[in-house]
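Here's a quick tour to read with the model open beside you.

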Amino acid sequence: LQFLYFIAPVKNPHMNLVVFQHGSHGAFGDFSTVIKELTARRKDMVVWGSDTCKGLGTDKGVGPVADIIAKELDDYLLPLLNDTRVQVCFVGHSMGGLVIRSLVTKAACFAHKHFEPVLYISIATPHLGIRQIGSFILAMAYIIGKVYCQTYLDLAQESETLSTLCNDTHITALRKFKKLVTVANLHDHLVSFGTSALLTKSCDPGLQQDPTCGKLRCPVRLMPATVPADEQIRASFSRYTDFGNYRANRVVQQFKTLRSLEWEMVAVDLFCRGNAAHSDIIAKGNSAHGEFSASRLSKIIDESFE
C-alpha cells in the first residue's frame, strides 16, 4: 500500500511545497509538530510526504528508497507543473537527508521549467556516515547490514553510496537549490556533530568559535574558501581509518566535496538521555526542546519562500 500525506492545493499559478523525508525506521508522522507549526505560520503552504518506506521499509538502502520516493513525487508533481510554478523546500531527518540528496538526480520534476528548488535542509543527517558511534553498535550494524540491511552498510561507509552522492551529477543538482542548510545537535550520540554539521572537531576554518564550548554563533555560514586541510579532516574522523586508509581517504574527499558548496549550519544544543536527542530534534517526542526546534525550523522554511 502506498500512503501519501499532503494538504491538497487550490489550483493556482503558484505553489509553495514542503517535502518531508523521514529517517531510518521512521515515518512521516515524525514531523507532525514541525508541520503543525509550519502550517499555522503560513496558510498557503502545501505539505507532502510518503509512508511507503516507513519503518523497516528504509532498510532497502539509500538509493532504492530514493527511487521509490522520486517516482511518487513525480506522480504527484508532474501533472501540476504544466500550469503551476512550484517552489519546493526539502526537509530530511537523519537518513532522510541522504535520500533527498539521492532523489534530486532521479525525480523528473527537477528538470521541469516550473520547478524551483529553493531550500534543502538536512537535520542530524550522517553526510559522512555513522562510524563515530560506539564500537559495539557499529559492529552490530555491520553484521546486520551484511545479512539483511543495506542501509546500515551505506551509513557505515561499507558501500560506495556516500561517495556516489558526492559525484559531479549529485553536487550539480544540489547547486540548484538557492540555500543549503544543515542542522546538527551538539549532543547527538547516533549521528555525531561533525558528520551532520560538516565540521572538523576543532579549529575548523569555517568557524570563528569552538562548537564544544557552547558559544557557537548560530547560524554559521560555511564558505567554500574555508575547507580544512586533509590531515585535519582525517584526524577529526579517525574512526574511519582502515587498512590502506581507503575509507579514510574517501571520507576526506566526501568532506571536501560537500564543503565546496555554501552551507548555513545551525547548531542545536539539545541534551537528552540515551538516543532521544536524535529524534527530539524534530520534535518527535513533543518535548519542550522539540517545540523550540519546530518553531526554529518552520521559521527557516517560511523565510525561504517568496
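This is a predicted model, so take the values below as computed from it. Let's begin with Asp 302: its relative accessible area is 17%, so it counts as buried, because the cut-off for buried is under 20%. Asp 302 also has a charged partner, Arg 42, with 3.1 Å between the closest N and O atoms of their salt bridge.

**The Asp 302 and Arg 42 pair**

- These two come from distant parts of the chain: Asp 302 is in helix α12 (residues 288-304), while Arg 42 sits in the loop between α1 and β3, 260 residues apart.
- Is Arg 42 buried or exposed? It's buried, at a relative accessible area of 13%.
- The pair belongs to a network of salt bridges that links Arg 41, Arg 42, Asp 44 and Asp 302.

**Other salt bridges**

- How many salt bridges turn up in a search of the whole structure? The search finds 15.
- One of the salt bridges brings together the side chains of Lys 106 and Asp 67, at 2.9 Å from N to O.
- That pair also links distant parts of the chain, with Lys 106 in the loop between α3 (95-103) and β5 (115-123), and Asp 67 in helix α2 (residues 62-81), 39 residues apart.
- Lys 106 counts as partly exposed, with 36% relative accessibility, and Asp 67 is also partly exposed, at 42%.
- Another salt bridge joins Glu 264 to Lys 179, where the closest N and O atoms are 3.5 Å apart.
- Here the link runs between two strands: Glu 264 is in β8 (residues 263-268) and Lys 179 is in β6 (residues 179-185), 85 residues apart.
- Glu 264 is buried, with a relative accessible area of 9%, whereas Lys 179 comes out as partly exposed at 29%.

**Strand β2 and its neighbors**

- Strand β2 (residues 14-21) is mostly covered, with 7 of its 8 residues buried.
- Which strand is joined to β2 by 8 bridges? That's β4 (residues 85-93), and the two run parallel.
- If you want a spot to look at in that pairing, His 14 has Arg 85 in β4 as its bridge partner.
- β2 also pairs with β3 (residues 45-50), again in the parallel sense, over 5 bridges.
- On the β3 side, Val 46 is the bridge partner of Leu 17.
- To get from β2 to β3, the chain passes through helix α1 (residues 32-41), and this β-α-β crossover is right-handed.

**A covered helix: α3**

- Why call α3 largely enclosed by the rest of the structure? Because 9 of its 9 residues are buried.
- The buried residues of α3 include Met 95, Leu 98, Val 99 and Ile 100, along with Arg 101 and Ser 102.

**A nonpolar patch on the surface**

- Leu 56, Phe 136, Ile 137, Met 140, Tyr 142, Ile 143, Ile 144, Val 147 and Tyr 148 make up a nonpolar surface patch.
- Together, these patch residues have about 940 Å² of accessible area.
- Phe 136, one of the patch residues, is located in helix α4 (residues 135-147).
- Phe 136 counts as exposed because its relative accessibility is 65%, and the cut-off for exposed is over 50%.

Conventions. Residues numbered from 1 in each chain as written. Predicted model: local features only at pLDDT ≥ 70, side-chain atom pairs only at ≥ 80, totals over all residues. Heavy atoms only, no water. Buried < 20%, exposed > 50% of the residue type's maximum accessible area, 1.4 Å probe, protein only. Helix = DSSP H or I, 4+ residues; strand = E, 2+ residues; numbered from the N terminus. Pairing = 2+ DSSP bridges. Right-handed = clockwise from strand over helix to strand, strands pointing away. Patch = residues over 30% accessible without salt bridge, like charges linked within 9 Å, V, L, I, M, F, W, Y side chains within 5 Å. Areas by Shrake-Rupley, 256 points an atom, 1.4 Å probe, with all protein chains shown as cover. Salt bridge = Lys/Arg side-chain N within 4 Å of Asp/Glu carboxyl O.
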